[in-house]
Amino acid sequence: MRVNNSYLLGLYGGDPYGIGTSGTSASAVKAQPTAPWSTSSASKQPTASELLRKAVGSSRFIDEGANKLDLRTKNSSEYKTLFSMHTGLQMLEALALRGMEKGISKTEAANLQKRFDAGLKEISNYLATAGSEVDTVRLVNGVSSTRSQSTTVIPKDNHVYKTGTIHSGSLTEPVAAYQGDVRFNISIRTASGTQSIAIDLGQMGDTPRTLDAVVGHINSKLEAAGVETRFSRQEIPGEPKTMTVGSKTITLPSTTSSWGMTVTGSSTETVGFSAVNTGTSVSVIQGFGVTNAVQALKFDPSGMAGGSPGIGETNWVDGRIDQSSLPKGISTVRASAAAADGGTWIVADVTDDVNGHSVRGQSDVVLMKLDSAGQVVVSRGLGAASSAAGYAISVADDGRVAVAGSVTGGLVPGQTVANVSLSDSFVTVFDDKGVEQWTQSRGAKAADEATTVSFGADGRVYVSGRAQSAMPGASAAGGWDSYVQTFGVSQATPNGPVTATALGTTQFGTIGDDNVQAMTVDGNNLYTAGVENGSFVVRQFRIGTGGAPELLSTRNLGAAIGGEVAGIAVSNGKLIVSGATKNGSLDAGTINRAHAGGTDVFVASLSTDLAASGADRLTYYGGAGEDSAADVKIIDGDVWVTGTWDRDKTAKDSDPHIAYLAKIDAETGTVDWNRTWTGEKQQAKPMALAVSQTGTSVLDKLGLPSGELVQDVSQKLVDSTALRAGDRFYVTNLNTGRKTAVTIDAKDTLQTLATKIETASGRHLKVTVSTERDKGSSDDANNRVLAGGGQYLTITNADNREGALISGGETGRDALAGLGISAGFIGKGDDKRKTVGIELPPSLNLSSADAALRARDYVQSALRAVREAYRAMSPTMLNASKNTNTGTASPYWSNQIANYQAALARLTS
């Protein structure tokens, strides 16, 4: 039997390559310079406070001269690189830890951010230069893996639509939703035209309207029309039941079957639904429960769709006809608007990947569309480099959707950001299918954000918000100023890209803090409402031929007293403004209904020229406690408002929240309709609402949406992801050292991108487009975006090739982050040296406590990686990686090996 010498020596602490003097124990011989993080060096290392002072006051984070080695080896320069990087990372960590603390002044926070940005850049550059010269191990900026998969998923075409539960129980029982006058139309659009197929369950006569009977009746009409689309029933698994026996909880299978319908179309037929009669619907987006999960509630004030709770719904209130859960990962929703087909567009802030969209930095904005049945059918991410917040949304008559808010760290490829740590305003316009048409991000030198957006009849887009310094082309007044920007659009060819151009900016306000909180466009008039230096102020602008709004008149409604404006619109010849305030005597006309105490909703009906008039009316609405106006929509003189109702002034956030929805006549102050409700654990917090004048119909009872189904999805990356043309990343061929840019083009798909990556790597990488079928889950039963499956990239090393290094693009145009691929080395590596990934995303920042926490986690992970590289550089680890027994052992260990071999030979003879 032959025993591996290296193995024997490893057991006894030896080194077969004779490092150290002969005849001494290898464990007592120093093989590496002492690391600065070792226990023996602890007393010599700077404390946390000293690291912070150095990070704030020093001009450099990397100082090789400060690291003295207590042992010289042939790799001394490499150890200096590791130790210098470790010290620099400790300084970054100190900044992040300070950024997590409470009570930091704005001045200190800005300085911490400035120093963190400088340190992150310096260390990343050092890793790319000095780190590349380390030969004993391979250091890469990113992760090290043999396989990488993109977390961004491109939805596949989906020609199947599944309704929610419409029946529970036996299939032989008539379905309650099918009773009464049930008439609707099915449209089938093909290349040759569109035909409408009328469905009237009254034609079934005395046949019981069971699920199978109704499906059969509908299919007979479809067959007679000569189309391929068909209906079928689907079984929906029931929720398992639990029971407690003693101290144990036992899960029992569900004993109740639930059923829905499935509509199966084809690639040549686009299916749509329309009702014979429609009514007004109101959708409320709310946070509920202690986790503040997000729901969409749909109300039918007219009672057209019936008034009973849906199967499986909770916390039902009379008038509600649907309850659906939105995808996990949504942190808040601040704005929503009705779509022309009765659905709802929402703008959501997300902190986790949602619907196949990868969050590049700390947070992002996602535009989602819910169909009229409450299912998410469109989801498009913004693609912020660091963080973003969505504050406003508007839908044009032609179906275009505009979203506005703030973004930190870059958004538009190739656009220089003045300060990556400060917020800039942005506006993005999508077509009616949710495909991005254009994006503009125009900011002041200081922080600014867009808070409202509107379409004009002339096709222009108007954005308003606030800024702490002068916006481009305008002048600052002091503090936070309000502004209005105008954007015009052009298109060289009917199918060419849409180009947006800033036409003008008007900045206004006081020497105090001002903010536009609502805006509306009526012909050539533009109105804003908000809080200026503590007072509610309404302004009227005339839209000039050049596009820049010109101020015509101003009206001060009185002290806001902690309140805010939630909505404004011109309706029935009056300008209606609504919000919430503690001020019970606003200067807004005759009071229809008095202030009840605390914070109440207010509705002011004013003349459109803002002149005080005897016809002005003011209505308050609320209880004696605190009432909020989370969102307001104004339709035909009626004000729809939602928020939380009558909370005690001393209530904690964890105390119960009661939600409300009310319809108020702006002229008379009459409350025509109202409801209150609560949620799981008595927590219901409305965030936004949308009103559709044709959103309710018999289709709601059947679980079918109005309008055409979303069946075909563009496979272009710029259409289906947050990537933009010009985004890029880099692939480095490790054999040649050549670094090649991979740039996203307007027509790129996953397939064309895979080819680009393989080519850039010199065929050292193998990139395939993988398909995952039916990504829908029971957790996201109302999410149809990935129900048809999705596609993503899988990257490995090519056969008999080592692999390649992938690195991110510049801030604001990093395609890796948009694809959800981690930077770093991808491949099997080699047997001679270990690959260590040190991941420091350029989007790291200290803009908030959460951002600082994220930065700290990444920096601490990088510190662990540096220590891992040090261990990998030890002679024992390097020798253990070798598969041969080459080298000459010292005489002492040669004698020891001979004795071990002889002893083992006697034992095994």
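Predicted model: local features only at pLDDT ≥ 70, side-chain atom pairs only at ≥ 80, totals over all residues.
Biologist: Hi! Let's start with α10. How many residues does helix α10 have, and how far does it reach?

Modeller: Helix α10 runs over residues 849–872, which is 24 residues. From its first C-alpha to its last it reaches 35 Å, close to the 34 Å expected at 1.5 Å a residue.

Biologist: And which residues of α10 are buried?

Modeller: They are A851, A852, A855, V859, A862, L863, A865, V866, A869, Y870 and A872.

Biologist: Why would residues three or four places apart point the same way in an α-helix?

Modeller: An α-helix has 3.6 residues a turn, so residues with that spacing point the same way.

Biologist: Nice. Which residues have the most contacts inside the largest nonpolar core?

Modeller: Those are L89, L92, F116, L139 and I838, in a core of 43 residues. The helices α2, α3, α4 and α10 each supply at least two residues of this core.

Biologist: What is I838 in contact with, leaving aside its neighbours within four places in sequence?

Modeller: I838 is in contact with M85, L127, L139, V140, N141, G142, A862, A865 and V866. There's also a second, separate core of 32 residues, and I197, I218, L222 and V271 are among them.

Biologist: New topic: V378. Where is it found, and is it buried or exposed?

Modeller: V378 is found in strand β20, residues 376–381. It counts as buried because its relative accessibility is 5%, and buried means under 20%.

Biologist: What does V378 touch, not counting residues up to four places away in sequence?

Modeller: V378 touches W345, L367, M368, K369, K433, G434, V710 and V785.

Biologist: And how far apart are V378 and S761?

Modeller: They are 383 residues apart in sequence and 35 Å apart in space, C-alpha to C-alpha.

Note on methods:
Residues numbered from 1 in each chain as written. Heavy atoms only, no water. Helix = DSSP H or I, 4+ residues; strand = E, 2+ residues; numbered from the N terminus. Expected span 1.5 Å × (residues − 1). Buried < 20%, exposed > 50% of the residue type's maximum accessible area, 1.4 Å probe, protein only. Core = buried A, V, L, I, M, F, W, Y, C linked by side-chain atoms within 4.5 Å. Contact = heavy atoms within 4.5 Å.
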